[in-house]
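Take a walk through this model, one chain at a time.

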Amino acid sequence: MLSILLIFAAALFFSGIIVRTKSVCAGRRGPGVFQPIKDVARLFRKGAVYSTATTAIFKAAPVIYMASLLMAAACVPFGNMPGLISFEGDFVFFAYVLSLGKFFCIIAALDTASSFEGMGASRESLYSMLAEPVFFLVMGSIALLTGNTSFAGIFASLQTYGSFFNFGTALVMAVLLLLVAMIENSRLPIDDPKTHLELTMVHEVMILDNSGFDLGLILSAGYIKFAMYGAIIANLFLCGSFAGSIAIFTLVQLLCAVAIGLTESFMARFRMNHNPEFIFSLSAAAFLILFTIVNL
Amino acid sequence: MEPLYLKNSQPCRFGDIPVATDFREFADEARTLLSDSRCHCVNYFAFAAQDGIHLIMCIANDAEAAIAVFSHILTDSEVPSMQIEAVERFEREISENHGITFTGHRWPKPLRTTPDDYPFYRSDNEEHHEVGVGPIHAGVIEPGHFRFTCEGETILNLEIMLGYQHRGVEKLMIALPTIDQKSILAENIAGDTAVGHSVAFASNLESLSGFKASREMVYARTLALELERIAIHTGDLSAICGDVAYQLGNAVYGRLRTPIINYMQKWCGNRLGKTCVRPFEAPYKFTKALAEDLLKTLEAFEKDFNLMSRQVCHYPSVLSRLERTGSVKYEQALEAGAVGMAARASGLSRDVRKSHPYLLYSSDMETVVKHHGDVYSRTQIRIEEVGNSIAMVRKLIESWPFDETATQMAAAATPAMAPDTFVLSLVEGWRGEICHTAITDASGKLALYKVKDPSFHNWRMLELAVRNNEISDFPICNKSFNLSYCGHDL
């Protein structure tokens, strides 16, 4: 229970910190940390506009997307406290319930029959498909290391590893998971969330037709997604004491957001055809972790 | 028939333009001249005079600093097309405005009208798909429709339909009664080239009236042109960085543009240089205080500009997006009749400042030429041209004819324009060659005013540039040309 509350709390700040980091780096005053949340609150008060070309799938997709994210977030534990949903192999459930949400987003995009949205849907599905092995290799490696197959079991036993668990490996895992989070959330260097140019977008162009309440759902789901990946990364470093864990959790979330903000300030987006190569190289790095652990 | 050779802005009697009796002779002459890569068609239009419709061809010879002018009086409403890519666009314009059919034309489509049944190029292949973008775009830009034929993420063909911004500039230029109104119109032909177009307009009017611009006017105009170049190039660099999602470049170049346009405001009350150039006068005096202010502004500008440009030109993350994106080969640029910065990026050295000197420009100035024709070449050209323009501005200020006692700068009375006269002015705006052509009637009033913005030729360059590129790279290709919709649509 605590973990999902912490994730919600982090979600309130996460996007705002990214935006803030970017505006500081650009020498601008920029909006406040809560601006993204205010935007979503405004959207929630609005009605949605639907194209006559769309069907029920388009209307249902944002809700399903949000639901899948809430369910996935409920799986994430906090140190040795299991999440709301916890069973053996729940990290597989976690990955696929997220995919389910994404699947609905994609078919909703196709439902609009817009050539833009079809383009975005094809890109998004390609990149998340390629990113999937990274997540499984990282989680699978720790599962192998700890002999557990549930999130709660994995992270609880990680805490007892202490010196045995190589801190460096955890760091590599953290970086990989952060990059997966950036791919899944369509951030730089894969996608440019700031652009207004439909042809270069990945995620944004897929949700072009969504408006009002539906758009609010999709955006807030994105914020939760960030905080959720942040929580998984934080779990790699949590220590035994409760207060220490909270501090580490906050610090890791903050660092993740700032790291994303810095990347987006000082880097250009990749050329679209370099994206698959980039994601493949992440898989390769994940294999390194797996081999390290197999050899332990 | 031997064509008449004119200098830039040199007027001639309309009757002196040699007339080819036969269309074949007219077309052959044009073909012969255009076969030389140093010659290109700067204007080709139809003029309905009393003795019939004249087709007037103006071909600039960059090596001789001369413009060949010759005409043909139509006897038939159907003539064969010259089938030269650079000329075919003009033929479309003539066909649209005068109902003349060019037989054998390879692309007989509307130029500035947007019918619902526009005959787009289509592919029958099931593997290909079409993406239509516009006329309404995301962001605050002008309308235009882009039709892509793609295979997956790769663009096979792009066709651009323009004309949404057609305002009837050429007709309005004749109809407006006062010179002030005409000047305001000239400034608004393309909002980002206010100075360029008004210099061309002023040169035409002054040449027609036999008015010689004072030293101070010549200096002020040259300065305004170069400041416009610096400001717009810097803004474009910011936008190029923005399109590859490089925030630092976007922010820094964006900030750097501001002091330059603010300086324009200080000088002439308008950030885009509107009202800065007017025929027969230099409306705003350039004082010593203003000169010092400008030198200070440029010094601060140059330091940051060079630092940022070094970063952009050495940063792999940015370079990987710019290099080998949107390449146009020299041969393609030549065939399309490219002008200005876009032509120079493809190794085609076309700069009116050098080839047809006007104001204070001379033929020994240095032009920046790149050879890859990609987005990076066009970026480099902008960076280097800004540097050159700053040097030029400093030189101008050094030799500026400050004359604090002179207060009366405008001509006492507006001189009358000569009757039945033809004049053509070429000006190198920041984007490229601007060509304004005027013909007066028997009473000395404008009978025809033709405007050609560099975008007229260079939209074709964009179509060529994006072929076999990824569709996600279209915006960056587009931005690297930064063409004007309203300059094309008039």
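**From one loop to the whole**

Pro135(B) sits in the loop between β9 (129–133) and β10 (145–151) of chain B. Helices (H or I, at least four residues) and strands (E, at least two) are DSSP runs, numbered from the N terminus. The peptide bond that leads from Gly134(B) into Pro135(B) is cis, with omega near 5 degrees.

This is a predicted model, in which local features need pLDDT of at least 70 and side-chain atom pairs count only at pLDDT 80 or more, while totals for chains, interfaces and linings use all residues. Residues are numbered from 1 along each chain as its sequence is written, chains are lettered from A and ligands numbered from 1 in the order in which they are written.

Chain A has a cis bond too. It joins Leu188(A) and Pro189(A), with omega about 0 degrees. Pro189(A) belongs to the loop between α7 (167–184) and α8 (203–206) of chain A.

Now take chain A as a whole. It holds 11 helices and zero strands. Its C-alpha atoms fill a box of roughly 60 × 35 × 35 Å along the principal axes. The radius of gyration of chain A is 19 Å, which agrees with the value near 19 Å for a compact globule of 296 residues. That radius is taken over C-alpha atoms, and the globule rule is 2.2 Å times the number of residues to the power 0.38. Of the 296 residues in chain A, 50% are buried. Buried means 20 or more other C-beta atoms within 10 Å of a residue's own, exposed means 12 or fewer, and partly exposed lies in between; C-beta atoms are placed from the backbone.

Back to chain B, and to its domains. Domain 1 spans 4–103 and domain 2 spans 169–489. These bounds come from an automatic or database domain assignment. Their centres, over C-alpha atoms, are 26 Å apart. The contact takes 24 residues from domain 1 of chain B and 31 residues from domain 2 of chain B. Two residues are in contact if their C-beta atoms, placed from the backbone, lie within 7 Å. On the domain 1 side, β4(B) gives the most, with six residues.

Chain B also has an open sheet. Four strands run in the order β2-β12-β13-β14 (chain B), with antiparallel pairing. Strands pair if DSSP finds at least two bridges between them. The edge strands, β2 (12–13) and β14 (446–452) of chain B, each pair on one side only. Two bridges join β2(B) to β12 (residues 421–428) of chain B. Across that pair, Arg13(B) stands opposite Thr421(B). Helix α5 (residues 194–209) of chain B packs on the sheet and touches β12 and β13 (433–440) of chain B.

Phe280(B), between α7 (247–268) and α8 (288–314) of chain B, has phi near 70 degrees, positive though the residue is not glycine. Phe280(B) is buried, with 21 other C-beta atoms within 10 Å. Arg324(B) has a positive phi near 60 degrees. Arg324(B) counts as partly exposed, with 14 C-beta neighbours inside 10 Å.

Finally, where do the chains meet? The contact takes 25 residues from chain A and 24 residues from chain B. On the chain A side, α10(A) gives the largest share, three residues.

Notes: Axes are lines fitted to C-alpha atoms, for helices over the stretch in contact, and angles run from 0 to 180 degrees between N-to-C directions.
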